[in-house]
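These are my notebook entries on a single structure. I set down what I looked up, one topic at a time.

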Amino acid sequence: MTHLKCENTLRRAVSGFKISRIQGPSAILNGSVPLLVLDCQYDASRYDTQGLTVKWYLKNRMGDLVYQWIPNTAPQDLSILKGRLDLSYRVSNHSDEMYRALAIKRPTTEHSGEYTCVVSTFHGDDHKTKTVIVYSPATDIYVTYSRPSVAHVKVVCGASGVFPEPKLDIFRSGGNFKSSKMATKSTSEFVNAFGSYNTTVFGTVLESDLQDETVFECRLSIPGTDYRLQENMLYYPGENNLEQ
């Protein structure tokens, strides 16, 4: 009985295929690398690989099969990545591992999205997903103000030419007043011709709440990346810029 139990456990270990991880960057600057490699890592020597098939899917506004490889056949680039992959790229000399990776030539913002690797055999399958952001920095950022009334100051922060959609915040500080985030409303527009976003946020404060000298900070970030940008404006209470 013990011998049979051990044999069954070994068979499950051999048959139950597992991907260890997808190795590759989570965020890269648009146009900064000649090749983006996402390696669907697994150890083929540990499993029964009969019927092995490697597939990659990209969910970027649409879910699509973009790559397929079956050992002893040529890898295939498909759908929106047709003609954009380096099909000669190898990550291993092992016959069941060599073309498991996705190698995207000259990645741009359109290659941002969720990449899912699916590896299947006759005995089991596994999948893992990784989000990749190919970002484009802002071409412009600004912070300005107007006076919708004598009592109020409206602060506007905007940025253009950014991808993906950025996060914009306005902070104010002055004198002994600790920097604080303002309550804001936002608008964002995707410009198809440039493949980027123009985003604006604005907030309104009572001028009587401001210090003698107030710094308004426009802070931009792109979620999922380390990209940050900031623009400051110095405001003196009493400045007359009433909206007409």
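Before the first entry I note the cut-off: a residue is called buried when its relative accessible area is under 20%, and exposed when that area is over 50%. The model I examined is a predicted one.

Entry on Glu207. I located Glu207 in the loop between strand S15 (196-206) and strand S16 (214-221). Is Glu207 buried or exposed? Its relative accessibility is 16%, so I recorded Glu207 as buried. I then looked up a partner for its side chain and found a polar contact of 3.5 Å with the side chain of Arg147. I also checked Glu207 against Tyr236, which lies 29 residues away along the chain; their C-alpha atoms are 9.6 Å apart.

Entry on the nonpolar cores. The largest nonpolar core holds 28 residues, and the members that touch the most others are Trp56, Leu102, Tyr115 and Val119. I listed the elements that contribute two or more residues to this core: strands S3 (35-41), S4 (53-59), S5 (63-69), S7 (102-105), S8 (113-121) and S9 (124-135).

Entry on a sheet. I traced an open sheet of 3 strands, in the order S1-S3-S7, with antiparallel pairing. Which strands form its edges? They are strand S1 (21-23) and S7, each of which pairs on one side only. From one strand to the next, the twist averages 15°. Between S3 and S7, which run antiparallel, I noted 4 bridges. Leu35 stands opposite Lys105 in S7.

Notes. Residues numbered from 1 in each chain as written. Predicted model: local features only at pLDDT ≥ 70, side-chain atom pairs only at ≥ 80, totals over all residues. Heavy atoms only, no water. Core = buried A, V, L, I, M, F, W, Y, C linked by side-chain atoms within 4.5 Å. Buried < 20%, exposed > 50% of the residue type's maximum accessible area, 1.4 Å probe, protein only. Polar contact = N/O pair within 3.5 Å; in protein donor to acceptor, adjacent residues only side chain to side chain. Pairing = 2+ DSSP bridges. Axes fitted to C-alpha atoms, helices over the stretch in contact; angles between N-to-C directions.
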